[in-house]
2 protein chains.
Amino acid sequence: MAKTSAPSTPKPSARDRLLAASDELFYNEGIHTVGIDRVIEKAGVAKGSLYYIFGGKDQLIEAYLFNRHQAWMHTVQQGLDAVDDPQAKMLAVFDQLGTLFAQPDFRGCAFMNATAEALPGSPEDRAATKFRGWIHELFGELARAAGAVDAKTLADQLVVLYDGANTTAQMDKTAAPARTAKTMAQLVLAATSFAAPLAD
Amino acid sequence: MAKTSAPSTPKPSARDRLLAASDELFYNEGIHTVGIDRVIEKAGVAKGSLYYIFGGKDQLIEAYLFNRHQAWMHTVQQGLDAVDDPQAKMLAVFDQLGTLFAQPDFRGCAFMNATAEALPGSPEDRAATKFRGWIHELFGELARAAGAVDAKTLADQLVVLYDGANTTAQMDKTAAPARTAKTMAQLVLAATSFAAPLAD
DNA sequence: GGAGCTTTGTACAGACCTGTCTGATACTGT
DNA sequence: ACAGTATCAGACAGGTCTGTACAAAGCTCC
């Protein structure tokens with residue numbers, strides 16, 4: 001314990017260490033598969049601290065999924081901010097997926113995976129429902145902003161492409177589906193009727 | 001159908017009862033979530049019989065996924081046989097998805113769900129890999145049979161649509177993505193170059 | 001009837017899992 | 001210096017899980 005004098009790396013709080021360990025273990029190996037003991041061992045945290053801080057595994061799972069949601073929202077938003085054209089914004093989402101898929105530890109969408117092992121009403125299920133609401137809102141707003149005549153239909157199509165890219169990338173362990181989905185998104189956009197050409 | 005209707009009920013073999021119970025429980029609630037005791041209770045089979053017949057839970061999981069694979073292959077084949085045109089065959093797969101999604105107990109693709117909670121090298125992982133091989137072969141052969149100039153690209157696109165329909169239907173609990181994906185598949189086909197118009 | 005395979009019922013071992021409890025030890029603000 | 005909070009370390013209770021063991025009973029086919 002000589003680190004106190006050197007402020008180089010002030011050890012993260014037990015909470016942050018638990019969240020980091022949860023994120024890695026839950027995402028890589030599944031939520032049910034990983035036990036509390038694995039998490040606290042990786043985090044270097046006493047079991048009592050976990051229950052002191054979070055109250056239980058369910059709340060830890062909630063925090064894990066909440067953080068995943070926030071981080072991904074932030075990443076997508078960065079991609080949207082980088083372009084101006086409304087239609088280009090929709091395609092930018094698939095570019096962000098591409099960089100996500102290329103990460104060596106990519107193992108699919110955390111919410112799809114959580115749903116696969118979750119029972120209705122579980123914290124996983126609730127978090128996934130919130131995530132789905134956001135995804136639909138995202139594409140819905142982008143479609144409306146672009147002036148799509150039938151924004152709902154366009155959004156539904158993009159959601160299917162988004163989900164397909166995720167699933168294919170996970171199942172086949174390749175980043176290629178991001179480009180494949182983007183290509184199809186361009187096809188869809190080309191076949192969509194827009195009201196205003198570019199009103200901003 | 002019934003072998004003998006004279007006595008009360010010619011109970012199916014312990015093996016078949018175990019498979020039926022596994023199919024229902026594993027698919028509805030997840031493989032890790034469901035314990036052996038739940039399976040044998042639902043099947044009305046002694047625990048010793050399960051180990052006598054299958055040898056362990058892993059082999060039961062393998063058999064469960066194998067049966068799912070066979071059943072779905074059969075269903076898809078029926079859909080293919082119902083139409084003649086090569087391009088229509090591709091679209092027919094999405095129609096089959098539609099009837100699948102409409103079933104009240106639909107809870108996503110069994111192999112995607114199994115992958116979500118499986119570690120690399122597990123029986124689930126191996127079964128999923130086989131399933132993925134079949135899916136790619138299916139669309140690859142249909143694309144070649146239709147005379148697509150770039151059959152691989154077309155097949156990759158259809159796989160993403162297939163996966164997207166499955167995932168969206170599961171996450172949003174609606175059968176609509178089957179139609180949405182089929183519509184996009186038609187767009188994709190319209191944008192694809194085919195060599196021969198109709199050589200059979 | 002009898003041999004051999006299948007099935008049953010139940011008890012049990014060993015591992016693992018979540019969660020609780022306790023008592024000691026850091027850290028932090030006043 | 002002191003109070004309050006955060007954290008640690010480890011033991012333990014109660015439950016569940018997979019898998020094993022064994023004795024008895026059914027079933028099938030010759």
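Me: What volume does the largest pocket have?

Reply: This is a predicted model, in which local features need pLDDT of at least 70 and side-chain atom pairs count only at pLDDT 80 or more, whereas totals for chains, interfaces and linings use all residues. Residues are numbered from 1 along each chain as its sequence is written, chains are lettered from A and ligands numbered from 1 in the order in which they are written, and side-chain values use heavy atoms, with hydrogens and water left out. Rolling a probe the size of a water molecule over the atoms shows where empty space is left. A pocket is an open set of points, on a 1 Å grid over the protein atoms alone, where a 1.4 Å probe fits, with protein on both sides within 12 Å along at least five of seven lines. Grid points are joined across faces, edges and corners, and the volume is the space filled by probe spheres set on the points. Here the largest pocket has a volume of about 390 Å³.

Me: Which residues line the largest pocket nearest its centre?

Reply: Lining residues have an atom within 4 Å of a point. There are 20 of them, and Tyr27(A), Arg68(A), Trp72(A), Leu100(A) and Gln103(A) lie nearest the centre of the largest pocket. H4(A) provides the largest share of this lining, five residues; helices are DSSP runs (H or I, at least four residues) numbered from the N terminus.

Me: Which residues come nearest to DNA strand D?

Reply: A residue is near a strand if one of its heavy atoms lies within 4 Å of it. Around DNA strand D there are 16 residues, of which Ser49(A), Tyr52(A), Ile36(B), Lys47(B) and Lys57(B) come nearest. Sugar and phosphate make up 57% of the DNA strand D atoms that come within 4 Å of the protein.

Me: Where does Lys47(B) meet DNA strand D?

Reply: A polar contact is a pair of N or O atoms within 3.5 Å. A polar side-chain atom of Lys47(B) is 2.7 Å from a base oxygen of DNA strand D.

Me: What rotation superposes chain A on chain B?

Reply: Two copies of a chain are related by a rotation about an axis and a shift along it. With least-squares superposition on the C-alpha atoms of residues with pLDDT of at least 70 in both copies, a rotation of 180° with 0.0 Å of shift along its axis brings chain A onto chain B (RMSD 0.1 Å). The two copies are thus related as by a two-fold rotation axis. Gly164(A) is the residue of chain A that comes closest to the rotation axis, at 1.6 Å (C-alpha).

Definitions and conventions. Helices (H or I, at least four residues) and strands (E, at least two) are DSSP runs, numbered from the N terminus. A polar contact is a pair of N or O atoms within 3.5 Å; within protein, one must be able to donate a hydrogen and the other to accept it, and residues adjacent in sequence count only if both atoms are side-chain atoms.
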